[in-house]
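Subject: Structure handover

Hello,

Here is the structure I promised to pass on. Please open it first, then read my notes below.

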Amino acid sequence: MQAAPKPQPGIMEIALYQGGASRVAGVDDILKLSSNENPHGAPQSAQEAAREAAGAMHLYPNTDHAGLRAAIGEVHGLDPERIICGVGSDEIIHLLCQAYAGPGDEVLHPEYGFLMYAISARGAGATPVVAPERDRTVDVDALLRAATDRTRLVFLANPANPTGTMIGGQDVVRLADGLPDGCLLVLDGAYAEYVADFDGGLGLAQARENVFVTRTFSKMYGLGGMRVGWGYGAQSVIDVLNRLRGPFNLSNVALAAAEAAMRDRDFAAACLADNTAQRARLLAGLADLGLAADPSEANFVLARFADATEAADCDAFLKSRGIIVRHPVGYGLPDCLRMTVGTATGVDRLLEGLAAWRDR
Ligand code: PMP
């Protein structure tokens, strides 16, 4: 019997992405706070659009995503020709690596950067390079020092996951201006919707060829299960990515749901307001319990414990009560737990669980 071919170099160095549990054996009433999903669910408007689109599931979807790109363009004031839609922003990250980074090239990201940056870089045969952060906050000078003439892509989530911290607009511009020629700065705005009056770098990407923005429908828009993301950048970059993209990458149902969610501005505004209020309650509650947490700009907070053992112990205790949070060991933060901001009831239940753990 012949052997299967060997994988491309770099692929076996990828640690399998750990998505985290969504069930606990023996516990029915689960509160999932581990993936930063919208605790209010998907907007009604998107659910109705999805049901209607499902009637045409025997037909291939549109390949150009024109309806969805038009909706995104209208809401954000962007040229739809410079928008690309993908299977989550994960796919956009993947396409960027495939298109721009290969063997001998470097893909740079901050110390606690989203795991998909290194996975996609290795998948493309490139070398992920990590720049240290300062107090769990992106350090632009460290990124600039780490950039070389082999750096093709720099990924930066703002606000960042899993830390929830954010850097200011001036720092982002300084980074864009300081990177070598021929290197694309990718501003990952998965959590940008949670920051009031923040464009996530879209204005910068509008003006500069070396800046690209990725966004998602998985968080604020409540469509994590639909898998829709988008990217915005120079026409030349969009053209490159479209050549690689699978023509039918997004289903009829996903496209319809995302378009309806994007147009549902009332839903987005209500979610932003509630997240801001509940995040403040959660942070205040953590402080009352004597737990440290960085100020978060996203829909989650990162609580810090004495050490990794204590964080693991709290994680297990919360799980036994049906509360699932994320222990971000794979991110190099074993002494922390990342907790999605829930509804008011969800925040209450999490704080009760943490108090019970502390008093156990
Ligand atoms: N970027 C960041 C920073 C994220 O946290 C996530 C999801 N966890 C993504 C991108 C990918 O999101 P999606 O593929 O669901 O759009």
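Where is the place of Pro 159? Pro 159 sits in the loop between β5 and α6. Helices and strands here are DSSP runs, numbered from the N terminus: helices are H or I with at least four residues, strands are E with at least two.

Two notes before the rest. The model is predicted, so local features need pLDDT of at least 70, side-chain atom pairs count only at pLDDT 80 or more, and totals for chains, interfaces and linings use all residues. Residues are numbered from 1 along each chain as its sequence is written.

**The loop between β5 and α6**

The peptide bond from Asn 158 to Pro 159 is cis, with omega near -5°. Pro 162 lies in that loop too, between β5 and α6. The bond from Asn 161 to Pro 162 is cis, with omega near 10°. For background, most peptide bonds are trans.

**The seven-stranded sheet**

Seven strands make an open sheet. The order is β2-β8-β7-β6-β5-β3-β4, and the pairing is mixed. Two strands pair if DSSP finds at least two bridges between them. The edges are β2 (83–86) and β4 (127–131). Each has a single partner strand, so one side of each is left without a neighbour in the sheet. On average, neighbouring strands are turned by 25° against each other, direction ignored.

Helix α2 (residues 66–76) packs on this sheet and touches β2 and β8 (229–232). A contact means that two C-beta atoms, placed from the backbone, lie within 7 Å. The direction of α2 makes about 125° with that of β2. Such angles run from 0 to 180 degrees between N-to-C directions, with axes fitted as lines to C-alpha atoms, for helices over the stretch in contact.

Now the pairs. β2 and β8 are antiparallel, over four bridges. Gly 86 is opposite Gly 229 in β8. β3 (residues 106–110) and β5 (residues 151–157) run parallel, joined by three bridges. There, Glu 106 faces Thr 151 in β5. β5 and β6 are parallel as well, over five bridges. Ala 157 has Asp 188 in β6 as its bridge partner.

How much of β5 is buried? Seven of its seven residues are. Buried means 20 or more other C-beta atoms within 10 Å of the residue's own; exposed means 12 or fewer; partly exposed is in between, with C-beta atoms placed from the backbone. In β2, Ile 83 and Cys 85 point one way, Ile 84 and Gly 86 the other way, and all are buried.

**Around the ligand**

The residues around the ligand include Gly 88, Ser 89, Asp 90, Ala 157, Asn 161, Asp 188 and Gly 229. The shell divides into three nonpolar, seven polar and two charged residues.

**Helix α6**

Which residues of α6 (residues 169–178) are buried? They are Val 172, Leu 175 and Ala 176. The buried residues pack against α5 (140–146), β6 (184–188), α7 (202–207) and β7 (211–216).

**The three-stranded sheet**

Three strands form another open sheet, β9-β10-β12, with antiparallel pairing. β9 (292–293) and β12 (336–340) are the edges. β9 pairs with β10 (residues 300–304) over two bridges. Ala 292 has Arg 304 as its partner in β10. Helix α10 (residues 265–288) lies across β9 and β10, at about 10° to β10.

**Single residues to look at**

Arg 122 lies in helix α4 (residues 115–123). Arg 122 is buried, because 22 other C-beta atoms lie within 10 Å. Its contacts include Gly 10, Ile 11 and Pro 128, not counting residues up to four places away in sequence.

His 65 is not a glycine, yet has a positive phi of about 55°. His 65 lies in the loop between α1 (44–54) and α2, and is buried. Arg 136 also has a positive phi, near 55°. Arg 136 is in the loop between β4 and α5. With 18 C-beta neighbours inside 10 Å, Arg 136 counts as partly exposed.

Best wishes

Definitions and conventions:
Near = placed C-beta within 6 Å. Nonpolar A, V, L, I, M, F, W, Y, C, P; charged D, E, K, R; others polar.
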